[in-house]
Amino acid sequence: MRFHLALFLLLASLQATLSQDIAHGSLLVDGAQTKAQTGDNFICATIDWWPHDKCDYNHCPWGYSSVVNLDLSHPFLAKAIQELKPLRIRLGGSLQDQVLYDVGSLKSPCHPLQKVKGGLFGFSKGCLHMKRWDELNHFFNETGAIVTFGLNALHGKHQISHNVWEGAWDPMNAYDFIKYTISKGYKIDSWELGNELSGKGIGASVGVKQYGKDLIKLKQILDTLYENSKFKPSLVAPGGFYEKQWYDKLLQVSGSGIINVLTHHLYTLGPGSDEHLERKILDPERLSKVESIFGNLSETIQKYGPWSSAWVGEAGGAYNSGGSHVSNSFLNSFWYLDQLGIASSYSTKVYCRQTLIGGNYGLLNTTTFAPNPDFYSALLWHRLMGKKVLAVSSDVSSPFLRTYAHCSKNRAGVTLLLINLSNQTRFLLTARNPVTASVEENEVATSIHKENSFSDKLKKTFSWVGTKGSEVTFREEYHLTPKDGYLRSQTMVLNGIPLELTDQGDLPTLAPVRNNVRSPIYMAPLSIAFVVYPNFDAPACATQRKL
């Protein structure tokens, strides 16, 4: 009798726990119209200028990963870029405004960037040899990379206070450099002037009126040098942190058609040394705060520069090289993919991740070049998420469920990005079109809410792989979790299989599980999923597919 009573109490307790930890809901995806649209090459990554002795918090994570010393012959570097083809690569960063180019009338010797007391960011001025520039361009041509290059905007200026620089930009060295680039047939997609010099600046700042004049001068140079070229590069600026008044004024003083791309940088998690990074990444309220920046920047462009488009020119989550054992772990993908989702929702055309390699936040390991978890996150986005963004809403009250929807890339249908930030709640979700939801989906949604059987709940919870062989429509699911459930693992797990390079050094196959569309989507706690619905009725996506 006591045994049966104990068993009854155990089952009752387990049922109560499951009912508390499982949330049912519907996702309403509006496939009738797009709410926003990204660019053709949304995924972007940076290569910075930091030397190997750039250190933060007694840790030196950069190795040999800079523009001037990155090993371009490493076999996986080319493979990684080609997997994301065409990957936009932004060459730039804090030290770009101290770099000159060894070409033309340059009179000073071409020395490398070196640590020096009193130098900007603790480093001397440096120089880019044209032999290295040739090597970089041959590499980018072979891998199909799209290049954005950040030019030195402080050349010719002088420092008048702690971080304020004034005077006109001296364009001669940049002119010779761009001329050399054109003469060699190298295609630079866009030229950016300056890095984080806007507003109060980081390390150095330039007044907005002078910045506008400098951009006009660069535009004239580009128009002159590319006059006989069929290809016309974009002018990108200012590559800083968004301050509304400064950005508004920049578009006004530079004038119509000067700035093709308005770039801003994001480091919303604070310093890499913050011991609370994990809590910040899993805080939905904190993740959503960035929406105000995207919204205000959109208003700035609409009001003062409708000829411009918005890019995130650099974003690494945590600044000062990122967080050790955080920025290169599975945990960081919660922040990264959520940022991609939010940025897309505001028609951001490009999102440049700091970095492709280098620091703690590289998509690739600085030493081994092996992919960190965020590389796979970027790759899945690149393969699955199309340009057109769809509105998606949910009747789930929990703020820990983050949902994004796009037209699928190069195929019919819709792809969802689902992020579960909760460490205890499992979600059972049904995707529906608010106008043309199928009878089957409605029946499933209703049956889920009416379930009373404890055994039925267990089956629905744990049996989420679809039945094979039946004549039904399947969806494709890519569930991402950390190895061994450890959030700071540097190994990502896809549908239960750890993602590791093959013995030949190739990427593993990123294969989905196929699931019956009439069954609910199961989202485990602290997991991420891409879910592809090939036959989702979405008229807005009709022209998305390439023939």
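Cysteine 407 counts as buried because its relative accessibility is 0%, where buried means under 20% relative accessible area, exposed over 50% and partly exposed in between (1.4 Å probe, protein chains only). The model is a predicted one, in which local features need pLDDT of at least 70 and side-chain atom pairs count only at pLDDT 80 or more, whereas totals for chains, interfaces and linings use all residues. Residues are numbered from 1 along each chain as its sequence is written, and side-chain values use heavy atoms, with hydrogens and water left out.

The partner of cysteine 407 is cysteine 541, and the sulfur atoms of the two, 2.0 Å apart, form a disulfide, that is, a pair of cysteine sulfur atoms within 2.5 Å. The link of cysteine 407 and cysteine 541 is left-handed, with -80° about the S-S bond. Since cysteine 407 belongs to strand β18 (residues 401-408) and cysteine 541 to the segment after β26 (527-533), the pair ties together parts that are 134 residues apart in sequence; helices (H or I, at least four residues) and strands (E, at least two) are DSSP runs, numbered from the N terminus. Cysteine 541, with a relative accessible area of 6%, is buried.

By the sulfur distance rule there are four disulfides, and when the bonded cysteines of the protein are numbered in sequence order, the pairing reads 1-6, 2-3, 4-5, 7-8. One of these disulfides joins cysteine 44 to cysteine 352, with an S to S distance of 2.1 Å, and its torsion about the S-S bond is about 85°, so this disulfide is right-handed. Cysteine 44 lies in strand β2 (residues 43-47) and cysteine 352 in strand β16 (residues 350-353), so that the pair ties together parts 308 residues apart in sequence. Cysteine 44 is buried, at a relative accessible area of 0%, and cysteine 352 counts as buried at 2%.

Another disulfide joins cysteine 110 to cysteine 127, with 2.0 Å from S to S, and this link is left-handed, with -100° about the S-S bond. Cysteine 110 lies in the loop between β4 (99-101) and β5 (126-128), while cysteine 127 lies in strand β5, 17 residues apart. Both cysteine 110 and cysteine 127 are buried.

The protein as a whole has 13 helices and 26 strands, and buried residues make up 56% of its 547 residues. Of the contacts with a separation of 6 or more, 77% are between residues 24 or more positions apart, a contact being heavy atoms within 4.5 Å.

Among the helices, α5 (residues 208-225) has 18 residues and reaches 26 Å from its first C-alpha to its last, close to the 26 Å expected at 1.5 Å a residue, the expected span being 1.5 Å times one less than the number of residues. The buried residues of α5 include Val208, Tyr211, Leu215, Leu218, Ile221 and Leu225, along with Asp214 and Lys219. The elements against which the buried residues of α5 pack include the strands β6 (146-151) and β11 (234-240) and the helices α4 (172-183) and α6 (244-254).

A buried lysine also occurs in a loop: lysine 54 is found between β2 and α2 (75-83), and it is buried, with a relative accessible area of 11%. Leaving aside neighbours within four places in sequence, lysine 54 is in contact with His59, Cys60, Pro61, Trp62, Phe123 and Ser321.
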